[in-house]
Amino acid sequence: MAKLTFSLCFIGFFLCLIMCTNSVQGKTWCVAQSQATEPKLQQVLDYLCGQLDCKEIQPGGSCFNPNTVRNHASYAIDLNFQINGVCDISYATPAVTDPSFGTCVYP
């Protein structure tokens, strides 16, 4: 009986460990690929900012500078990823390091 109790406790602990590990996930971002062309990123930026609130990359926004298509597209791509869970690998790539900088905080 003691062996059965120990075995059940061990199995319960192991299952709890697996469940807890799967439910605690690290933060992930989605940013523009380094090889994505500027015209493609501009197209993506225009589309996403037509669908989402891109005020942070507008003049006066916390992520306006540096004022480049790549940086603005990265912000919009990540905003879309955080809201809709989409990271299109044809122009974007997942990132495990926070792309935020200065006063610009990515979603």
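How many helices and strands make up the secondary structure of the protein chain? There are 3 helices and 2 strands. Read from the N terminus, the order of elements is α-β-α-α-β.

Keep in mind that this is a predicted model. The mean pLDDT of the protein chain is 84, and 77% of the residues score at least 70. Residues 6-24 are another matter: there the pLDDT is below 50.

Now look at the chain as a whole. It has 107 residues, and 31% of them are buried. The accessible surface is about 7100 Å², with 63% belonging to carbon and sulfur atoms. Consider the contacts with a separation of 6 or more: 76% of them join residues 24 or more positions apart.

Next, go inside. Nonpolar side chains tend to be buried together in soluble globular proteins. Here, the largest nonpolar core has 25 residues. Which elements give two or more residues to this core? They are β1 (29-32), α2 (38-51), α3 (69-84) and β2 (92-95). The most comes from α3, with 7 residues. The residues with the most contacts inside the core are L41, L48, I57, Y75, I77, Y91 and Y106.

Pick I77 from that list and follow its contacts.

Definitions and conventions: Residues numbered from 1 in each chain as written. Predicted model: local features only at pLDDT ≥ 70, side-chain atom pairs only at ≥ 80, totals over all residues. Heavy atoms only, no water. Core = buried A, V, L, I, M, F, W, Y, C linked by side-chain atoms within 4.5 Å. Buried < 20%, exposed > 50% of the residue type's maximum accessible area, 1.4 Å probe, protein only. Helix = DSSP H or I, 4+ residues; strand = E, 2+ residues; numbered from the N terminus. Contact = heavy atoms within 4.5 Å. Areas by Shrake-Rupley, 256 points an atom, 1.4 Å probe, with all protein chains shown as cover. pLDDT = per-residue confidence, 0-100.
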